[in-house]
Number of protein chains: 2
Amino acid sequence: MTQESGTTGSVVVLAGGVGGAKLAHGLALLGLGDRLCVVVNTADDFELYGLAISPDLDTVLYTLAGIANPVTGWGILGDTAHTLGMLGRYGRPTWFWLGDRDLATHILRTERLRQGARLTEVTAELAAALGVTARILPMCDEPVRTIVETPHGPLPFQEYFVRRRQQDTVLAVRFEGIMQAHPTPEVEQALLHADAVILAPSNPIVSIGPILALSGIRQLLQQLAAPIVAVSPIVAGRALKGPADRMLASLGHEVSPLGIARLYQDFLDGLVIDQADTELAPAVAELGIRPFVTDAIMRDEADRARLARETLAFALDLRGARP
Amino acid sequence: MTQESGTTGSVVVLAGGVGGAKLAHGLALLGLGDRLCVVVNTADDFELYGLAISPDLDTVLYTLAGIANPVTGWGILGDTAHTLGMLGRYGRPTWFWLGDRDLATHILRTERLRQGARLTEVTAELAAALGVTARILPMCDEPVRTIVETPHGPLPFQEYFVRRRQQDTVLAVRFEGIMQAHPTPEVEQALLHADAVILAPSNPIVSIGPILALSGIRQLLQQLAAPIVAVSPIVAGRALKGPADRMLASLGHEVSPLGIARLYQDFLDGLVIDQADTELAPAVAELGIRPFVTDAIMRDEADRARLARETLAFALDLRGARP
């Protein structure tokens with residue numbers, strides 16, 4: 001952590017994929033080193049061709065390693081898909097894009113998991129090999145799988161998200177395996193020793209939702225002394241990326257920073273909202289959550305670093321302000 | 001089978017990698033369809049990054065599918081190695097070249113084997129998907145692993161063959177797991193119903209050797225009514241490819257078609273030798289094995305078809321000549 005932040009503990013980010021990876025990258029740019037812990041959703045994980053694929057972990061990994069595709073936000077810069085083409089020639093479905101370089105990650109993860117390693121260990125090994133100093137922590141080591149209930153029937157998350165391009169109305173979301181899953185000791189320790197906890201601008205239902213649904217996590221956050229702030233993934237009534245806005249609406253939530261604030265109300269100290277939503281700041285404050293208005297959209301690396309710096313400073317300021 | 005061959009049964013080829021694949025391809029070019037059965041060595045198989053790799057099966061598969069790299073004889077034409085590069089970036093050894101397209105084969109084979117499929121089934125599925133009509137039959141479904149004893153110690157086959165580039169003197173060769181392995185029902189049936197059996201010009205020690213070492217195969221060949229011919233992989237005292245010549249020499253065998261004839265003497269009816277070895281024909285005949293002298297080197301597709309046609313005609317001629 002930089003000296004100006006005036007703290008010696010760690011900063012924990014709860015993250016999904018692209019939005020979470022961007023904010024985590026911004027925090028990494030502040031020089032936090034291994035005192036930055038990114039707790040990542042794994043309920044998007046699935047198996048394809050027998051390979052264990054963890055889309056959110058990979059997006060965070062590639063982004064922090066500086067090799068992410070800047071156009072898509074996911075995948076590896078300049079990656080090709082020759083293996084995928086050949087899988088198609090073998091008659092297999094190819095709706096989930098897998099890059100050739102990207103495949104190395106899935107192959108090694110699968111190998112290590114089959115050898116009995118924990119997902120947490122495997123992730124640490126991959127990150128270390130790519131020179132990532134931040135700690136990337138899967139939310140749990142047990143398999144959890146998001147199922148999206150739609151008029152078309154229940155869909156495994158990637159079927160909903162990638163194959164059917166989020167076209168289906170989301171009637172409900174459930175996390176298979178969540179009752180048998182536990183936050184890892186690494187996640188618990190990171191939270192217990194955090195100077196600040198930041199919820200990234202990730203989908204509150206299917207990215208942050210699974211993390212919060214893990215046994216004991218919500219209670220832990222409620223009791224935490226460290227300040228907890230979120231960055232709203234909703235700006236001017238729309239999701240910055242993905243189907244969060246439609247998902248919030250169809251599940252009966254307000255599609256605004258206020259809707260976000262209400263979802264996290266039981267543990268949240270502060271909410272970073274975009275200047276486009278300035279008029280909602282008083283309503284957020286009325287919930288007992290301190291609003292912080294800024295430019296909350298991360299267009300480039302400079303934006304990531306700035307939003308990360310502002311968010312962290314905002315959180316650390318709240319430390320003294322807590323009752 | 002073409003009408004000119006005058007038979008209605010199948011032709012079984014015992015094969016290793018590149019040499020076997022070339023002759024099998026030549027036979028396929030004769031229009032044998034699914035009456036061509038290629039029994040392939042699997043003692044070269046190994047696991048890398050948790051993937052089940054069958055180098056000889058793949059070489060035969062790619063060659064018969066018309067997608068083999070014509071320069072190396074193995075691998076897929078025009079393949080790239082981006083996954084391998086990334087595996088290297090993750091700190092893994094990359095001495096075994098794995099192409100990106102090639103990886104699709106290993107990934108699907110591994111998936112299906114883990115699902116409980118037999119290697120024979122998996123191979124048939126892959127071949128069908130690539131439009132191969134010939135039957136590619138692994139010699140067995142159980143794992144067999146060639147270990148090469150060298151002054152450097154015992155080496156798994158690919159360590160000897162690829163990593164150490166066949167630089168070590170071969171003191172002995174053993175096939176781990178061979179006592180627990182059995183020729184598959186498909187291999188036994190193919191042999192029992194064969195009109196002709198052809199031993200491809202593959203390494204007699206480490207390619208044909210494991211097939212012959214399988215329980216009951218040698219006895220089956222000895223009792224077979226169908227003619228059995230081999231194509232010598234040794235021409236003018238040298239192996240056409242690979243370390244067969246040095247391997248034969250260090251194991252005390254004569255490095256010539258005569259040495260080959262002696263290795264197969266207990267069941268062989270005829271031996272195809274190159275014109276460069278014409279002077280050895282009488283010595284081969286003295287072993288009770290009919291020699292056939294021709295141009296036995298397959299430089300291109302025309303050579304493959306010609307040598308296949310000549311070899312098959314030679315074998316079928318021997319049918320009437322048997323005692």
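Analyst: Two strands are taken to pair if DSSP finds at least two bridges between them. The model examined here is a predicted one. By that criterion, chain B contains an open sheet of 3 strands in the order 7-6-8, with antiparallel pairing. Strand 7 and strand 8 of chain B lie at the edges with a single partner strand each, so one side of each has no neighbour in the sheet. On average, and with direction ignored, neighbouring strands of this sheet are turned by 30° against each other.

The pairings may be taken in turn. Strand 6 (residues 145-150) of chain B pairs with strand 7 (residues 153-156) of chain B in the antiparallel sense, over 4 bridges. These two strands of chain B form a hairpin, with 2 residues between them. Within this pairing, B:Val148 has B:Leu155 in strand 7 of chain B as its bridge partner. Strand 6 of chain B is also joined to strand 8 of chain B, by 5 bridges, and these strands run antiparallel. Here B:Ile147 stands opposite B:Arg174 in strand 8 of chain B.

The way into strand 8 of chain B deserves a remark. The loop between helix 6 (157-163) and strand 8 (172-176) of chain B holds B:Gln166. This residue, B:Gln166, has a positive phi of about 55°, although it is not a glycine. Most residues other than glycine have a negative phi. B:Ala236 is placed in the loop between strand 11 (234-235) and strand 12 (238-239) of chain B. With 13 C-beta neighbours inside 10 Å, B:Ala236 also counts as partly exposed.

Helix 1 of chain B is mostly covered, with 11 of its 12 residues buried. Among the buried residues are B:Val18, B:Lys22, B:His25 and B:Leu27. After helix 1 of chain B comes B:Gly31, which has a positive phi, near 85°.

Finally, there is the relation of chain B to chain A. Chain B is superposed on chain A by a rotation of 180° with 0.0 Å of shift along its axis, at an RMSD of 0.0 Å. The two copies are therefore related as by a two-fold rotation axis. In chain B, B:Asp100 comes closest to that axis, its C-alpha atom being at 3.2 Å. The same surface serves both copies, since 100% of the contact residues of chain B recur in chain A.

In this interface, 21 residues of chain B are in contact with 21 residues of chain A. Helix 3 (82-89), helix 4 (100-114) and helix 5 (119-129) of chain B are the elements that give two or more residues to the side touching chain A. Helix 4 of chain B gives the most to that side, with 9 residues. By class, the side of chain B that touches chain A has 11 nonpolar, 6 polar and 4 charged residues.

Definitions and conventions:
Residues are numbered from 1 along each chain as its sequence is written. Chains are lettered from A and ligands numbered from 1 in the order in which they are written. This is a predicted model: local features need pLDDT of at least 70, side-chain atom pairs count only at pLDDT 80 or more; totals for chains, interfaces and linings use all residues. A residue is buried if 20 or more other C-beta atoms lie within 10 Å of its own, exposed if 12 or fewer, and partly exposed in between; C-beta atoms are placed from the backbone. Copies are superposed by least squares on the C-alpha atoms of residues with pLDDT of at least 70 in both. Two residues are in contact if their C-beta atoms, placed from the backbone, lie within 7 Å. Axes are lines fitted to C-alpha atoms, for helices over the stretch in contact, and angles run from 0 to 180 degrees between N-to-C directions. Ala, Val, Leu, Ile, Met, Phe, Trp, Tyr, Cys and Pro count as nonpolar, Asp, Glu, Lys and Arg as charged, and the others, Gly among them, as polar.
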